[in-house]
Amino acid sequence: MATQILMPALSPTMTEGKLAKWLKAVGDDVRAGDVIAEIETDKATMEVEAVDEGKLARILIEEGTEGVAVNTPIAVLSVNGEDVSAAPAPASEAPALPKVAAEGSDVNAIAEQGAKGQRAPALDVAAAPEKDWGPAASITVREALRDAMALEMRRDADVFLLGEEVAQYQGAYKISQGLLEEFGARRVIDTPITEHGFAGMAVGAALNGLKPIVEFMTFNFAMQAIDQIINSAAKTLYMSGGQMGCPIVFRGPNGAAARVAAQHSQCYASWYAHVPGLKVVAPWSAADAKGLLRAAIRDPNPVIVLENEILYGQHFDCPTDEDFVLPIGKAKVERSGRHVTIVAFSIMVGVAMKAADALAEQGIEAEVINLRSLRPLDTATVVASVQKTNRLVTVEEGWPFAGIGAEVAMQIMEHAFDWLDAPPVRVHGVDVPLPYAANLEKLALPQPEWVVDAVKKIV
Amino acid sequence: MALATETRKRGKAKEPAIDRETLFKAYKTMLLIRRFEEKAGQLYGMGLIGGFCHLYIGQEAVVVGMQMALADGDQVITSYRDHGHMLATGMEARGVMAELTGRSGGYSRGKGGSMHMFSREKNFFGGHGIVGAQVSLGNGLAFANKYRGNDRVSLTYFGEGASNQGQVFESFNLAALMKLPTIFIIENNKYGMGTSVERASASRDLSQNGAPWGIPGMQVDGMDVLAVKAAGEQAVAHCRAGNGPYLLEMKTYRYRGHSMSDPAKYRTREEVQLMRTQHDCIESARHKLEGLGVEEKAFKAVDDEIKAIVQDAADFAQSSPEPDPAELYTDVLLEG
């Protein structure tokens, strides 16, 4: 029996190469793994190893030949010792080309979807009003987050909390107060300062079926662990063809606190919102915090919960219903208005609300939308609002370039361009690392007056 | 080249008594991995496998010996040089090969490729392309076992190149601190891509890299499947008894380049040939089996059986259709 030796592809991009040298001659015995020839590509000289055993019967391409296409027969191997030297080279056995995809699937439609980027959501502009959860009581965002974790840990024994100072110290920002006492050291776990290691460990535990809540002391420190968040938590479900779900929550304060300078003051909203396979929420009020964190813990996917340190101590009314939870992916219209739509998230919702108060005194009625969720983004609610007000201002604490405001504005271009009476305006943190000096810091972060000025440019 | 079979500082695994059936089974699995990888290399050469393809040829004894030390339910996680691990855990050659060719019959339905395959059924957790990342994840597998109070053990494989990553040391600390039932297995094949271990690590005995955290370590002749199995059994017993992590350094060797596109100019051909002819795990197992009276026809039967499995896998990997274009959008998020 004769076997052809084909010109091999030796790299993902190789299409042809030079057959530089034969290291075996006709008649030589060849064992699997023997180097039989050398090939030069534009990148390197590579060795060709035999796959089968036998005797080299014929050389079809002489050494020194340039431009030999991949899969060209270069030699014939006699496998069971018979003489094939005189036989014609066996017909080239072209490798089977990948079969065209299963019939019936509409390749063009899929490609069109790809060209559009996301599958454009069917915009339900007449979205149902938010559920009325009944009586509310005033609590801090801090208490709301703690209550959310406690309720979910009571509900599901697979939920546990880990992070730096979450147990004995009760949380660096006192978010986990009382949890160690109630749930014990098995489920409320202090870790060493080792973000990469403990984030990866939590992802592994989630792949193995547990539901970890990972607290980062701040999201600035999560940069040490971002490989595990994105490459392991967000992508594994896809790479495993749907086998390996990763139910995990990464939470902690995001963005600027007060006077802690550049390395402790970054907003990561657009970083995480960029990544398919993640969900990202950014609560403002206590109700947001409690409702969204409970939803995040129950979600079977990795969810990033971007909190804000300055909000932790602020009081808001929050439903007292034991079952209170909010849907991920739904924005909230915090204030109704007809002249301009102001879109904000996290602490900037408060800034937008103050600006709306100031604008009202001047006769401008602003509609304020609290995004709550950044991925998926509730484009429908923003579109419905812009269709009414015909003007859009976005407000975010982070940097402008490739930011959330840029994305919201683009969504409006795609879905409500004809309703716009003026170009959208972005209000955002200044495009510099955050400075320490009190006066400079104030100059770098969006203030209500900035929002008022932005609105007045287009109204 | 001297392969360190002695165990330093921590005592040596008991000299294994040679059991013919066990060794024959190991021989068969090692040969399956060898032939599978040769076929994968061939399909790569034909342009049927794309991207990166890291072959396990030469290192077969490590994964086969370790797998024999495990019990049902124990878990395995490794890096991107993962085909051997998958076959050893009992994953089907067909599904692995079809994933390599990017077809719908692959373990990840064509969406993962050579470096990203998984099987919940076989407790194989990947298949990870970021060097060292699987070590933190492996700790998580062990954490979940401990949290649930079961006695399962997880195996975390990584190369000597990965052993210098910061998160590997973070993981040693966490595993020792939390007494996680995990075995760290350094597959020291001497080269992290083109950089020899001597040029990459100041540590001269990687089995002792966990020593600062009190993690017992052992060097093992990773070219001897029975030595691997014996060391594995010792480490597994240690972990299962609740004593925390264990570290095994497998002295092994890969015959092929780092990936298919590696010309391997950083080592001599003689070095590779010496390993192949003097230390090959399959050849030495075969010699031992011959000494135990296994006859030529038994080897021939195994050869034929494996050839058929591998050919069937290669055929399936070429006939299985490409994933439906609609698959592009599935498995990004779970409903919930």
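Among contacts in chain B between residues at least 6 apart in sequence, 77% join residues at least 24 apart, two residues being in contact if their C-beta atoms, placed from the backbone, lie within 7 Å. The model is predicted, so local features need pLDDT of at least 70 and side-chain atom pairs count only at pLDDT 80 or more, while totals for chains, interfaces and linings use all residues. Residues are numbered from 1 along each chain as its sequence is written, and chains are lettered from A and ligands numbered from 1 in the order in which they are written.

Chain B contains 11 helices and seven strands; helices (H or I, at least four residues) and strands (E, at least two) are DSSP runs, numbered from the N terminus. Its radius of gyration is 19 Å, close to the 20 Å that the globule rule gives for 336 residues, so chain B is as compact as a globular protein of that length. This radius is taken over C-alpha atoms, and the rule is 2.2 Å times the number of residues to the power 0.38. The C-alpha trace of chain B spans about 60 × 55 × 40 Å along its principal axes. Of the 336 residues in chain B, 58% are buried. A residue is buried if 20 or more other C-beta atoms lie within 10 Å of its own, exposed if 12 or fewer, and partly exposed in between, with C-beta atoms placed from the backbone.

Helix H4 (residues 93–100) of chain B illustrates burial: eight of its eight residues are buried, so the helix is largely enclosed by the rest of the structure. Among these buried residues are Arg94(B) and Glu99(B). The buried residues of H4(B) pack against H1, helix H3 (83–88) and helix H11 (296–319) of chain B. Just after H4(B), Gly102(B) adopts a positive phi of about 70 degrees.

Two packed helices are described by the angle between their axes and the distance between the axes. In chain B, the axes of helix H1 (residues 20–45) and helix H10 (residues 281–291) come within 10 Å and cross at roughly 150 degrees. Axes are lines fitted to C-alpha atoms, for helices over the stretch in contact, and angles run from 0 to 180 degrees between N-to-C directions. H1(B) and H10(B) are therefore roughly antiparallel to each other; angles under 35 degrees count as roughly parallel, over 145 as roughly antiparallel, 65 to 115 as roughly perpendicular and the rest as oblique. Residues in this contact include Leu23(B), Phe24(B) and Arg34(B) of H1(B), and Ile282(B), Arg286(B) and Lys288(B) of H10(B). The residues of the contact of H1(B) with H10(B) comprise 10 nonpolar, no polar and three charged. Here Ala, Val, Leu, Ile, Met, Phe, Trp, Tyr, Cys and Pro count as nonpolar, Asp, Glu, Lys and Arg as charged, and the others, Gly among them, as polar.

Chain A has 13 helices and 22 strands, and buried residues make up 50% of its 459 residues. In chain A, helix H4 (residues 195–207) and helix H5 (residues 226–234) pack at an angle of about 15 degrees, with their axes 9 Å apart. That makes H4(A) roughly parallel to H5(A).

Where the chains meet, the contact takes 56 residues from chain B and 58 residues from chain A. On the side of chain B that touches chain A, the largest share, 10 residues, comes from H5(B).
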